Amino acid sequence: MDPMTTRNLLRTCPLCEAVCGLELTVDADDHVTGVRGDRQDPFSHGFLCPKGASLGHLDEDPDRLTEPMIRDRATGAWRTASWAAAFEFIAAHVPADGGRSAALYFGNPNAHTVAGALYLPVLLRALGTRNLFSASTADQMPKQVASGLMFGDPLTVPVPDLDRTDYLLMLGANPLESNGSLCTAPDYPGRIKALRRRGGRFVVVDPRRTRTAKQADEHIFVRPGSDAYLLFGIVHTLFAEQLTTVRVEVTGLDEIRAAAAPFTPEVVAARTGVPAATVVRLARELAGAPTAAVYARIGTCTAEFGTVTQWLVDVVNVLTGNLDSPGGAMWATPAALGIVRSRPFRLGRWTSRVRALPEAMGEFPVATLADEIQTPGEGQIRWLVTVAGNPVLSAPNGARLDRALAGLDFMVSVDRYLNETTRHADVILPPPRTLQSPHYDFALLAFAVRNYARYSPPLVALGDRPSESEVVARLALALTGQRPEPGADALAAVDELVIVGTLHKAGMPERRGDLLGANTTEQRLDLMLRLGPYGEWNPDALPTPYGPLNLRVLLDNPHGIDLGPLRPRLPEVLRTASRAVDLAPEPLLADVARLTSRLGDAAPDVVLIGRRQLRSNNSWMHNVATLVGGSNRCTLHVHPDDVSRLGLGEHAVVKSAAGALVVAVEPNGDIMPGVVSLPHGWGHADTASQTVASAHAGVNANVLTDDSVVDVPSGNAVFNGVPVTLSPA
């Protein structure tokens with residue numbers, strides 16, 4: 001390779017929540033020829049996982065779409081179209097009812113893009129609908145609802161102060177495979193090793209002995225879906241043994257004490273499978289450690305009592321004196337000014353049409369999307385926009401949703417692939433290559449275990465195609481029936497409204513000309529940095545080693561900037577009416593009655609849980625050859641004792657209330673007897689549009705999950721603890 005024709009470029013990895021810095025080698029034709037971890041990044045320090053190493057393969061996947069596609073409904077055939085023709089086609093099919101029959105669904109990748117953070121709200125307003133759905137209600141909504149009810153803001157999610165804690169209790173999380181989730185922490189393996197080297201203790205509670213559990217000081221098996229009982233047993237013990245140390249202003253202390261009374265260690269032991277002595281010991285260890293943090297993630301969120309579980313995580317953090325304290329559970333201070341909530345969070349401001357499920361954060365549960373499409377009547381969804389999402393594979397009862405999408409009147413998808421969901425679209429608008437897009441982690445840096453910021457400008461020129469942000473902005477205009485003049489900058493028009501409005505609200509409209517940036521998207525980032533907690537236009541700005549922040553500081557420091565360890569933020573972050581932490585929100589106390597009523601339930605013979613795999617991040621990475629195969633396979637993990645007891649061979653029939661699958665069996669001694677595990681995001685259609693994914697199709701675990709069963713407060717889908725039966729195939 002001629003070094004004169006290559007160049008080394010810096011980029012934040014956008015493929016998971018770890019926000020690792022990358023150093024890319026790119027040739028004269030803009031192909032990625034090498035990927036390394038950026039050793040000068042002050043947060044990731046050169047850490048690199050298989051997903052990041054495969055960025056070039058994903059970026060230039062030959063199966064990705066590069067031009068708009070329009071489907072002929074009569075024949076099902078696809079044809080390419082110009083961008084102007086595609087938007088004209090959409091504008092001609094906008095629903096005439098002002099959006100009452102329209103809906104928007106956006107998927108997980110939007111959390112990793114500038115377009116998703118800044119322009120999806122514009123798209124929702126253009127649709128003029130309350131029918132908003134996303135991957136959030138198949139993932140983290142219980143944590144956000146619990147945080148909203150306790151702290152007044154669903155975006156105020158505390159994270160474990162990993163780098164300073166002395167004791168970490170982790171439930172239903174596998175960050176050595178996922179790289180962390182709602183806890184932005186590059187090199188999670190290194191951080192866990194550092195915790196243990198400094199004499200700390202790491203305990204994992206999980207129905208599987210995961211890769212993370214194998215690195216722990218102690219692994220505790222627990223029956224899927226019973227984490228809330230275990231945490232209530234810990235809360236009960238903290239009160240019973242007078243181990244509580246509350247260091248923050250709270251309300252509801254007596255109410256939480258009363259709610260915990262029935263959950264004695266002996267009672268919860270029968271429900272969880274965790275011995276009563278272990279429950280008591282965990283409570284004593286958490287209370288006695290110099291610093292401690294409890295962290296629970298997707299395994300607990302996607303269970304029947306997900307919100308109650310996430311609430312109890314932070315109840316324990318409060319009762320042991322570890323909320324908002326170094327080494328405990330703390331809040332990041334992200335550099336870019338985000339949404340500032342002025343009123344306390346409210347749950348269920350409106351309800352869904354068919355099942356009357358409450359909205360949360362403006363969203364309806366994705367578990368009711370098929371209901372809303374298939375049930376006739378006023379407000380029936382007939383018109384759908386999806387952005388970077390594949391709910392046929394990610395939503396519960398995916399087979400039903402697949403049928404529902406086929407019956408829509410019109411559908412538009414912004415997506416790089418023709419996949420199991422977008423094949424139902426009338427128009428597909430593909431975003432550009434990853435390297436052609438800017439990157440700033442607006443969402444993920446709010447959950448970082450250390451304060452940090454990094455901006456990656458586009459590394460490869462767009463040419464004559466629109467940016468991802470412009471695609472979304474132009475789609476928003478098309479949905480309002482607007483047809484911009486040729487050459488008109490739709491994105492700048494949208495941005496200008498936001499910039500002028502924000503400056504007016506901040507009382508500094510005269511500063512419009514001072515904003516930096518190669519385009520209005522960068523100017524919006526510059527504005528958010530300047531008004532943010534470290535910004536040069538903030539009179540109360542926190543000091544940084546780089547001086548007051550603006551876009552120029554980030555451009556001058558392309559490896560990223562370190563803004564220091566997490567700092568105490570109470571009462572600053574609270575938006576509750578009392579301006580105190582609410583330990584006993586009424587909607588959660590109401591769900592405790594349901595939890596209590598289930599204490600005596602007999603455990604099903606076999607239950608299904610999901611599984612995270614290191615080289616997989618949902619369905620959209622299964623078309624990269626370097627990321628499939630090996631350990632990244634769609635098999636059913638079954639304990640050898642269950643294989644023998646049930647007479648299973650190489651394949652098994654798995655049945656649930658929702659459906660049935662034939663799955664390859666992989667005996668595995670790391671899973672509890674009575675529990676089986678299937679990974680998420682497989683079941684790819686046998687088409688020529690995604691050649692690698694089709695060749696490694698696997699099965700869709702969500703054929704087995706029931707869209708009628710949700711976590712009651714948040715509406716989140718239930719993927720873990722699903723009762724199933726197994727028989728030989």
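This is a predicted model: local features need pLDDT of at least 70, side-chain atom pairs count only at pLDDT 80 or more; totals for chains, interfaces and linings use all residues.
**Exercise 1.** Determine the geometry of the aromatic pair of Phe 151 and Trp 331, and state where each residue lies.

*Solution.* 
Step 1. The ring centres are 5.1 Å apart and the planes make an angle of 90°. Planes over 60 degrees apart count as edge-to-face, and this pair is edge-to-face.
Step 2. Phe 151 is in helix H5 (residues 141-151), and Trp 331 is in the loop between S14 and H14. The pair links distant parts of the chain, 180 residues apart.
Step 3. Phe 151 is buried, at a relative accessible area of 0%. Trp 331 is buried as well, at 3%.

**Exercise 2.** Identify the residues that touch the most other members of the largest nonpolar core, and list the contacts of Leu 475.

*Solution.* 
Step 1. The largest nonpolar core holds 83 residues. Ile 90, Leu 123, Val 385, Leu 429, Tyr 440 and Leu 475 touch the most other members.
Step 2. Helix H4 (residues 114-127) supplies the largest share of this core, 8 residues.
Step 3. Leaving out residues up to four places away in sequence, Leu 475 touches Phe 87, Ile 90, Leu 123, Val 385, Val 412, Val 414 and Leu 429.
Step 4. Another core, of 59 residues, lies apart from the largest one; among its residues are Val 222, Ala 260, Phe 305 and Val 573.
Step 5. Phe 305 also belongs to an aromatic cluster, together with Tyr 229, Phe 232, Phe 263 and Trp 311.

**Exercise 3.** Describe the length, burial and N-terminal cap of helix H19.

*Solution.* 
Step 1. H19 (residues 520-531) has 12 residues. From first C-alpha to last, H19 reaches 16 Å, close to the 16 Å expected at 1.5 Å a residue.
Step 2. Of its 12 residues, 12 are buried.
Step 3. Asn 519 caps the N-terminal end: one of its side-chain oxygens lies 3.2 Å from the backbone nitrogen of Thr 521.
Step 4. Arg 524 lies over the face of Tyr 119, at 5.2 Å from the ring centre. Elsewhere, Arg 130 lies over the face of Trp 350, at 4.0 Å from the ring centre.

**Exercise 4.** Characterise the surroundings of Asn 317 and find the backbone nitrogen that lies 3.0 Å from its side chain.

*Solution.* 
Step 1. Asn 317 is part of helix H13 (residues 306-319) and, at 1% relative accessibility, counts as buried.
Step 2. Apart from neighbours within four places in sequence, Asn 317 is in contact with Ala 292, Ala 293, Val 294, Asn 322, Leu 323 and Ala 329.
Step 3. The backbone nitrogen in question belongs to Val 294, and lies 3.0 Å from a polar atom of the Asn 317 side chain.

**Exercise 5.** Examine the backbone at Pro 571, Asp 187 and Gln 242.

*Solution.* 
Step 1. Most residues other than glycine have a negative phi, and most peptide bonds are trans.
Step 2. The peptide bond from Leu 570 to Pro 571 is cis, with omega near 0°. Pro 571 is in the loop between strand S19 (561-565) and strand S20 (581-582).
Step 3. Asp 187 has a positive phi, near 60°. Asp 187 lies in the loop between helix H6 (175-178) and helix H7 (188-197) and is partly exposed, at 25%.
Step 4. Gln 242 has a positive phi of about 55°. Gln 242 lies in the loop between helix H8 (227-240) and strand S12 (250-251) and is exposed, at 72%.

Definitions and conventions
Residues are numbered from 1 along each chain as its sequence is written. Side-chain values use heavy atoms; hydrogens and water are left out. A nonpolar core is a set of buried Ala, Val, Leu, Ile, Met, Phe, Trp, Tyr and Cys residues joined through side-chain atoms within 4.5 Å. Buried means under 20% relative accessible area, exposed over 50%, partly exposed in between (1.4 Å probe, protein chains only). Helices (H or I, at least four residues) and strands (E, at least two) are DSSP runs, numbered from the N terminus. Contact means heavy atoms within 4.5 Å. Rings of Phe, Tyr and Trp (its six-membered ring) pair if their centres lie within 6.5 Å; planes under 30 degrees apart count as stacked, over 60 as edge-to-face and the rest as tilted. A charge sits over a ring if NZ of Lys or CZ of Arg is within 6 Å of the ring centre and within 35 degrees of the ring normal. The expected span of a helix is 1.5 Å times one less than its number of residues. A polar contact is a pair of N or O atoms within 3.5 Å; within protein, one must be able to donate a hydrogen and the other to accept it, and residues adjacent in sequence count only if both atoms are side-chain atoms.
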